There are 2 protein chains.
Amino acid sequence: MRNKKNEKVEKHIILTGDRPTGCLHLGHYVGSLRERVRLQKELREFIIIADTQALTDNAENPEKIRKNIIEVALDYLAVGIDPKLTTIFVQSLIPELSELTTYYLNMVTVSRLQRNPTVKDEIKQRGFGSSIPAGFFIYPVSQAADITAFKADLVPVGDDQLPMIEQATEIVRTFNRIYNTSVLVEPKALLSNTPRLPGTDGRGKMSKSLGNFISLSDDEKTIINKVKMMYTDPNHLHAEDPGIVEGNPVFAYLDAFDSDKDSLEKMKEQYQRGGLGDVVVKNRLVEVLLAELNPIRKKREEFAKDLSYIMKIIKQGSEDAREVASKTLSEVKGVMKIDYF
Amino acid sequence: MRNKKNEKVEKHIILTGDRPTGCLHLGHYVGSLRERVRLQKELREFIIIADTQALTDNAENPEKIRKNIIEVALDYLAVGIDPKLTTIFVQSLIPELSELTTYYLNMVTVSRLQRNPTVKDEIKQRGFGSSIPAGFFIYPVSQAADITAFKADLVPVGDDQLPMIEQATEIVRTFNRIYNTSVLVEPKALLSNTPRLPGTDGRGKMSKSLGNFISLSDDEKTIINKVKMMYTDPNHLHAEDPGIVEGNPVFAYLDAFDSDKDSLEKMKEQYQRGGLGDVVVKNRLVEVLLAELNPIRKKREEFAKDLSYIMKIIKQGSEDAREVASKTLSEVKGVMKIDYF
């Protein structure tokens with residue numbers, strides 16, 4: 001297992017992951033999980049289940065985080081992430097990440113953190129106002145630790161997350177300059193070229209907190225119902241009316257999942273011209289979604305029967321990840337000359 | 001060694017220590033070290049050499065910190081801190097402190113940290129303005145980790161440090177409330193009743209950065225010179241002039257070190273009346289200082305001959321401290337329910 005991973009060491013190293021605050025959904029699948037499955041064969045991939053980060057704004061609800069670590073790991077295995085190729089680990093099981101964060105916090109000023117656009121946005125979204133938990137405030141620094149601990153040079157992100165990569169890059173540069181070293185690796189953003197999947201309500205992106213998502217673990221009935229309730233063109237009241245395709249989430253989902261592009265083009269033309277009802281389009285969407293999601297759900301159910309296996313995967317992955325992070329921390333403390341023994 | 005320490009477990013637990021940014025001086029000795037030597041027989045004492053904290057505003061100069069860890073440890077042993085009774089440890093050797101800090105950061109808001117008067121003062125003193133390193137900004141949280149990791153219920157502080165204890169207490173209360181536990185112990189400030197030793201220049205306290213101090217490691221000649229140069233009453237130009245005793249650092253030092261209180265009282269009276277020259281008073285101060293400091297310096301020189309012994313003390317102390325901190329961290333993760341394995 002370890003050998004296979006090491007063979008890829010000379011190649012790119014990817015760090016990606018999720019906050020375990022809920023099951024993963026179609027947005028994750030289209031935007032990230034499918035790509036991770038593809039990339040795990042070519043690159044050295046680390047996937048972090050970021051429980052520590054999730055706790056920064058869920059400190060009062062750690063059971064939710066605990067429970068969702070398993071759910072997220074199940075999602076990973078169900079979509080085809082292979083623990084023989086990819087290291088799946090839990091953030092809090094790698095104490096070295098806290099230590100690196102401690103030292104990186106000296107590389108960043110408070111005003112720099114205050115200017116971080118992603119943090120600003122999320123503070124707004126979460127309604128923190130001036131009562132941001134300090135842990136949440138410094139999470140870009142903690143993310144820099146996650147990335148650099150594994151010497152990841154590629155980090156898949158959406159464009160809203162670009163400032164996080166910039167922050168990590170700044171920390172790397174400051175650290176390497178101050179300690180006259182090249183021990184830390186500058187990460188680069190790996191921007192997805194898949195358009196972001198909108199929520200089932202047509203508003204922004206699919207989001208756990210807005211409840212406008214289809215989970216990878218949703219059963220057939222739930223999927224059918226969610227598609228039925230999906231937002232379409234609000235002015236497309238009758239089948240014979242012309243409808244709008246742009247910004248219509250049903251077509252966005254078909255773009256993401258329907259492999260029969262020719263017939264999809266024809267449906268779009270007919271919809272725009274008038275003469276194609278939402279029900280027909282939604283039925284097609286149900287069909288392609290179930291074709292994609294049924295096998296995933298079945299695999300998920302299989303894995304869920306043996307949670308001790310899941311725990312074993314997480315434990316082994318975390319041990320492997322810790323070995324790598326520990327080596328980086330030693331190097332960091334070495335160049336800082338705080339390696340006293 | 002460990003047994004002796006454990007016998008005191010039921011008694012009070014003290015956490016105290018120093019930032020290794022320079023040799024310790026008379027101010028430390030009078031305000032803190034003498035008391036530590038006295039208390040080590042009665043209480044369970046942990047002394048932290050706070051290298052991680054020192055790095056928050058010395059990140060570009062880690063060699064200074066590294067060097068001064070040894071100097072500070074030499075000072076401890078020279079004044080009579082006994083590693084058989086007291087656990088001397090280095091902060092960065094206890095990764096559990098970083099982990100605890102990570103979780104405590106979720107218990108504190110950014111605005112609460114911004115209101116901390118001690119932090120405000122120190123930011124001013126250090127001229128950080130808006131470019132405070134984030135590590136420095138959050139150091140009250142890191143101090144809460146230092147204190148609580150050892151379940152210290154007493155923390156010796158000057159009154160300028162009271163807000164730090166308040167912050168730690170708040171974190172303990174919030175943590176214990178959120179996780180419905182009593183795992184963390186509320187610390188209490190142990191205020192010194194020794195008046196603070198002024199600087200040799202009569203300005204404020206003795207401070208490494210102001211250069212107005214007498215080190216425990218200063219040689220005789222240096223001590224004599226520093227006393228000669230000491231600020232006294234600026235209007236006491238001739239021996240026959242009446243002089244002022246209050247706020248006169250020479251008399252403050254005599255108060256702290258001269259055990260012959262009767263003759264000291266007489267000197268004060270004569271000084272105030274007129275007829276006692278500064279030279280006479282300073283000669284007496286040299287006499288009592290050398291009587292106190294010569295044995296300390298000699299012990300220090302002895303210890304300095306065997307630095308491997310010092311390293312052994314630090315290493316063993318840090319291992320002992322880590323055992324305690326690790327137990328606390330396990331309990332903390334247990335009540336947070338993030339003890340996955």
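Trainee: Which residue follows α9(A), and is its phi positive or negative?

Mentor: The residue is A:Lys151, and its phi is positive, near 50 degrees. Helices here are DSSP runs of H or I with at least four residues, strands are runs of E with at least two, and both are numbered from the N terminus. This is a predicted model, in which local features need pLDDT of at least 70 and side-chain atom pairs count only at pLDDT 80 or more, while totals for chains, interfaces and linings use all residues. Residues are numbered from 1 along each chain as its sequence is written, chains are lettered from A and ligands numbered from 1 in the order in which they are written, and side-chain values use heavy atoms, with hydrogens and water left out.

Trainee: How many residues of helix α9 of chain A are buried?

Mentor: Buried means under 20% relative accessible area, exposed means over 50%, and partly exposed lies in between, with a 1.4 Å probe and protein chains only. By that rule eleven of the eleven residues of helix α9 (residues 139-149) of chain A are buried. Among them are A:Tyr139, A:Gln143, A:Asp146 and A:Thr148.

Trainee: Which residues touch the most other members of the largest nonpolar core?

Mentor: A nonpolar core is a set of buried Ala, Val, Leu, Ile, Met, Phe, Trp, Tyr and Cys residues joined through side-chain atoms within 4.5 Å. The largest one has 211 residues, and A:Leu26, A:Tyr104, B:Leu26 and B:Tyr104 touch the most other members. For contacts in general, the rule is heavy atoms within 4.5 Å. Leaving aside residues up to four places away in sequence, A:Leu26 touches A:Leu197, A:Met206, A:Ile214, A:Leu216, A:Tyr253, A:Phe257, A:Leu289 and A:Leu293.

Trainee: How many residues does the contact take from chain B and from chain A?

Mentor: It takes 49 residues from chain B and 48 residues from chain A. Buried area is the accessible area (1.4 Å probe) that two parts lose on being put together, summed over both. For chain B and chain A this is about 4200 Å², 65% of it on carbon and sulfur atoms.

Trainee: How many salt bridges are there between chain B and chain A?

Mentor: Side chains of opposite charge can pair when their charged atoms come close. The rule for a salt bridge is a side-chain nitrogen of Lys or Arg within 4 Å of a carboxyl oxygen of Asp or Glu. Between chain B and chain A the count is four. One salt bridge joins the side chains of B:Asp339 and A:Arg66, at 3.2 Å from N to O.

Trainee: How many salt bridges does the structure hold over all chains?

Mentor: It holds 49. In one of them A:Arg36 meets A:Asp18, with the closest N and O atoms 3.0 Å apart. A:Arg36 lies in helix α2 (residues 26-39) of chain A and A:Asp18 in strand β1 (residues 13-18) of chain A, so the pair ties together parts that are 18 residues apart in sequence. Both A:Arg36 and A:Asp18 are buried.

Trainee: Where in chain B are B:Glu35 and B:Arg38?

Mentor: An α-helix has 3.6 residues a turn, so residues three or four places apart point the same way. B:Glu35 and B:Arg38 are three residues apart in helix α2 (residues 26-39) of chain B, separated by about one helical turn. Their side chains form a salt bridge at 2.7 Å, N to O. B:Glu35 is partly exposed at 34% relative accessible area, and B:Arg38 is partly exposed at 43%.

Trainee: Which parts of the chain does the pair of B:Glu170 and B:Arg112 link?

Mentor: This pair is a salt bridge, with the closest N and O atoms 2.8 Å apart. It links distant parts of the chain, with B:Glu170 in helix α10 (residues 162-178) and B:Arg112 in helix α6 of chain B, 58 residues apart. B:Glu170 is partly exposed at 35%, whereas B:Arg112 counts as buried at 12%.
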